[in-house]
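Me: I am new to this structure. Please walk me through the terms used for it.

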Amino acid sequence: MKKAAGWIKVDFFKLYDLLESKLMALESLCRPKEKFAEFLEPLVESCLPEAVLRAWERSRSVEDSSQQDSACSLDLLLRFLRNEVQSEKMIKLTCTG
């Protein structure tokens, strides 16, 4: 996902699918995502489109009433991304009629 001039903008749906497949691959190798949550969350956030990142930050500030560990925070991010992808698919479906 990196190019010599900088980061390539990846389609959000493809990014989500790629993330899910890589996390499943880690789990199949007996490497649960909880072990890598501390660095995976910032890595995933750095790949998000700006609008999605802004929405994530807004939702995180609303939900973050208590300090959460990295694994829980990564799960919240993945749940948020899944909801965003589903919402975008529904919006596209509605707009195309």
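**Helices and rings**

Reply: The axes of helix 1 and helix 4 come within 10 Å and cross at roughly 145°. Axes are lines fitted to C-alpha atoms, for helices over the stretch in contact, and angles run from 0 to 180 degrees between N-to-C directions. This is a predicted model: local features need pLDDT of at least 70, side-chain atom pairs count only at pLDDT 80 or more, and totals for chains, interfaces and linings use all residues. Residues are numbered from 1 along each chain as its sequence is written, and side-chain values use heavy atoms, with hydrogens and water left out.

Me: Why is the pair of Phe-36 and Phe-39 called edge-to-face?

Reply: Rings of Phe, Tyr and Trp (its six-membered ring) pair if their centres lie within 6.5 Å; planes under 30 degrees apart count as stacked, over 60 as edge-to-face and the rest as tilted. The centres of Phe-36 and Phe-39 are 6.0 Å apart and the planes stand at 85°, so the pair is edge-to-face.

Me: What makes the pair of Trp-56 and Phe-80 tilted?

Reply: Their ring centres are 5.4 Å apart and their planes lie at 45°, so this pair is tilted. Trp-56 is in helix 3 and Phe-80 in helix 4, so the pair ties together parts 24 residues apart in sequence.

Me: Why does Phe-39 count as partly exposed?

Reply: Buried means under 20% relative accessible area, exposed over 50%, partly exposed in between (1.4 Å probe, protein chains only). Phe-39 has 48% relative accessibility, so Phe-39 counts as partly exposed. Phe-36, at 22%, is partly exposed too. Trp-56 and Phe-80 are both buried.

Definitions and conventions
Helices (H or I, at least four residues) and strands (E, at least two) are DSSP runs, numbered from the N terminus.
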